[in-house]
Amino acid sequence: MVQNDEWWRDAVIYQVYPRSFADSDGDGMGDLPGITGRLPHLRELGVDAVWLSPFYPSPQHDAGYDVADYRGVDPRFGDLGDADKLIAEAHNLGLKIIVDLVPNHTSSEHAWFQAALAAGPGSPERERYIFRDGDEPPNSWQSVFGGSAWERTPDGQWYLHLFDVSQPDLNWDNPEVREEFLAVLRFWLDRGVDGFRVDVAHGLVKDKNLTDWTTASTILGGLDPAGPPPPMWDQEGVHEIYQSWRQVLDQYPGGRILVAEAWVAPASRLARYVRPDEMHQAFNFPYLEAQWTPAALRSVIDESLAANDAVGAPTTWVLSNHDVVRHASRLGFPVGTPRMPGIGAGDPQPDAALGLRRARAATLLMLALPGSAYLYQGEELGLPEHTTMPDEFREDPAWERSGHAERGRDGCRVPLPWEADAPSYGFGPADASWLPQPATWAEFALDRQQGVAGSTWELYRTALGLRREHGLGRGGVTWQDGAFAFRNGDVLVVTNFGADAVALPAGARVLLSSEPLDDDGRVPTDVTVWAAL
Ligand code: NOJ
C-alpha cells in the first residue's frame with residue numbers, strides 16, 4: 001500500500017476509552033484483547049484511526065491518567081504482547097493507532113516519585129518534581145479537581161499537583177525529565193504506534209516564580225482570551241519541548257503525529273502548538289464548547305479555520321470525549337446552559353429526544369467540515385450521558401476533591417452496549433461492568449442499530465463514507481446566503497436552527513439527512529442535510 005504521510009490532515013479519529021469499550025475476560029473492566037476483538041466494528045464504521053486513552057500500569061486514581069510506568073500495560077488491560085497484537089491487527093485493518101502520553105505529571109506510585117520521597121529534601125530525585133519548603137503552601141494555586149494544588153510530605157516539603165494529590169507535576173526544567181520522555185516516545189514509536197495524544201499539553205512549563213493566581217485553576221484557565229495566560233498554563237517554554245519531540249517523530253516513516261490536548265484560547269494562540277515544526281493537531285475545545293446557535297458555530301468555525309490555515313495545520317473538530325457530558329445529553333438542555341461538570345439524579349435532567357436530535361444534526365455538521373474530526377466511543381450509537389448514576393459508584397477524583405460539588409465525569413465513561421439482550425449488553429461475557437449501565441440502554445445497543453435505516457449507527461457510517469467519497473476533509477467552507485449553510489466542494493450543508501422549516505435550493509439532491517425532511521422536502525428544525533448541487 002502506498003504510504004500517505006499526510007493521512008492525519010483529514011482523518012476521522014475514534015477515541016477508545018479502554019476501561020469501557022469491550023471486556024474480554026468478564027471482570028467488568030475493558031481490556032486490550034477486548035478492543036482488538038472489536039476493531040472490525042471500527043473498520044466497518046469507517047474511521048481512519050483509533051486513539052486509546054491510557055492503558056499503562058497505574059493505581060487508577062484518575063482512571064489511568066496517573067501513570068506509574070510509561071513503558072508497560074496495566075495487568076487490568078493485558079500486557080505488552082496484547083498491545084503489540086492490537087497495533088498489528090489495527091494496521092491489518094488499515095487503522096492507525098494513537099496512544100495517550102501523560103507528561104505533565106506521573107502517578108505518585110511511579111518509581112521516580114517513590115525515590116523522591118525516600119531521598120528527601122535537596123536530593124536530585126526531588127528535582128524531577130516541583131518540591132518547595134515552607135510552613136504554608138508555596139502559593140495559592142488550586143488543583144483542577146478542587147482544593148489546594150500543594151500537598152505536604154511528612155518531612156515538611158510541599159509538592160505541586162495541578163490534578164489529584166496522586167498526580168505530582170514533573171519539573172520540565174530538569175534535563176533528565178526531557179530525556180526520559182524522548183525515550184518514551186521512541187519506545188512506542190518502535191512498537192509501531194502512529195502518534196500520541198498529549199495530555200495537558202499546555203501545562204508542562206510553569207511560570208518561574210510560581211506567581212500567585214487566585215482564580216480557581218480550572219483546566220479551562222487559559223480560555224480567557226482577554227488576559228495573559230495563568231502562570232500554570234500556556235507558558236512560552238512548552239513550545240521548545242514539542243519542537244524536540246517533532247524531531248524524533250520525523251525520524252520515523254509513515255506520518256507519526258502529535259495531538260495537543262491544550263485548553264488555550266483564542267484560536268490564534270492554540271495554533272502556535274501546530275506550527276510546522278511542532279505538533280500536527282490540537283483539539284478544538286472552543287468548538288466543543290460552542291452553543292447550539294448559528295452565530296456561535298459560524299464564528300468558531302471561521303476563527304478556527306483562519307487560525308490553523310495561517311500556520312498550515314488542519315483544523316480539528318470534536319463534540320464529545322471522556323471529560324465532558326456527552327453531546328447527546330448536553331444539547332438536550334436549553335441553549336445558553338453553562339458547561340456542566342457532570343450530572344446527577346438530583347440535577348435538572350436533559351430532554352433526551354431533543355438532545356439526540358440535535359446531536360445527530362451537530363455530528364452531521366461537524367463531519368462536513370474540512371480537517372480532522374474526533375469521535376468518542378458510543379456517540380455513533382447516540383449514547384447519552386448516564387445522568388442518574390447513584391453517587392456510590394462515582395470514581396472520578398473530582399467528585400471527592402470538590403467536596404461533592406461536582407458530580408464528575410463518570411457519566412460519560414459507562415461501558416458500551418453492544419448486544420441488547422446479552423449480560424452487560426455484550427460489553428463482556430459476564431454481567432459485570434465497573435460503572436453501572438442504565439436499564440434503558442438496550443435500545444442503543446449496536447445490534448439494534450446495524451442495518452436499521454435511520455439509526456444513529458447507520459447515520460455515522462453513511463456520513464463517513466460520503467465524507468470520504470466527496471473529499472470533505474480536504475475541502476473548504478464557503479458560506480451561503482440565507483439559512484446556516486455552506487458549500488464544501490460539491491456538497492451543500494444546511495443546518496436549520498430556526499423554528500420554521502427551510503427549503504433547499506432548486507435542484508439540490510439530498511445525500512444524507514440527520515432526520516427525515518418534511519412532506520414538502522424542507523429541512524425541519526434541528527436537522528442537518530447534505531445535498532449535492
Ligand atoms: C486530561 C484528561 O483528558 C483527563 O481525563 C485527566 O483527568 C487530566 N488530563 C489529568 O491527566
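**Entry 1: the contact of α10 with α12**

I began with the residues that bring two helices together in this predicted model, and I found that L356, R360, T363, L364 and L367 in α10 meet T456, L459, Y460, A463, L464 and R467 in α12. I then sorted the residues of this contact by class, which gave seven nonpolar, two polar and two charged.

**Entry 2: how the two helices lie**

Two packed helices are described by the angle between their axes and the distance between the axes, and I looked up both values. Helix α10, which covers residues 352-367, packs against helix α12, residues 456-469, at an angle of about 10°, and their axes are 10 Å apart. Because angles under 35 degrees count as roughly parallel, I noted α10 as roughly parallel to α12.

**Entry 3: the cavities**

How many cavities of 30 Å³ or more does a search of the whole structure find? I counted three of them, and I wrote down that the largest cavity holds about 70 Å³ of space. This largest cavity is lined by 13 residues, of which H327, A328, A359, E379 and G382 are the closest to its centre.

**Entry 4: what lines the largest cavity**

Next I asked which elements give two or more residues to the lining of the largest cavity, and I found α9 (327-330), α10 and α12. Which of the elements gives the most to this lining? I found that α10 does, with four residues. By class, I recorded five nonpolar, five polar and three charged residues in the lining of the largest cavity.

Methods:
Residues numbered from 1 in each chain as written. Predicted model: local features only at pLDDT ≥ 70, side-chain atom pairs only at ≥ 80, totals over all residues. Heavy atoms only, no water. Axes fitted to C-alpha atoms, helices over the stretch in contact; angles between N-to-C directions. Parallel < 35°, antiparallel > 145°, perpendicular 65-115°, else oblique. Contact = heavy atoms within 4.5 Å. Nonpolar A, V, L, I, M, F, W, Y, C, P; charged D, E, K, R; others polar. 1 Å grid on protein atoms, 1.4 Å probe; cavity = no way out; pocket = protein on both sides within 12 Å on 5 of 7 lines; lining within 4 Å. Points joined across faces, edges and corners; volume = space filled by probe spheres on them.
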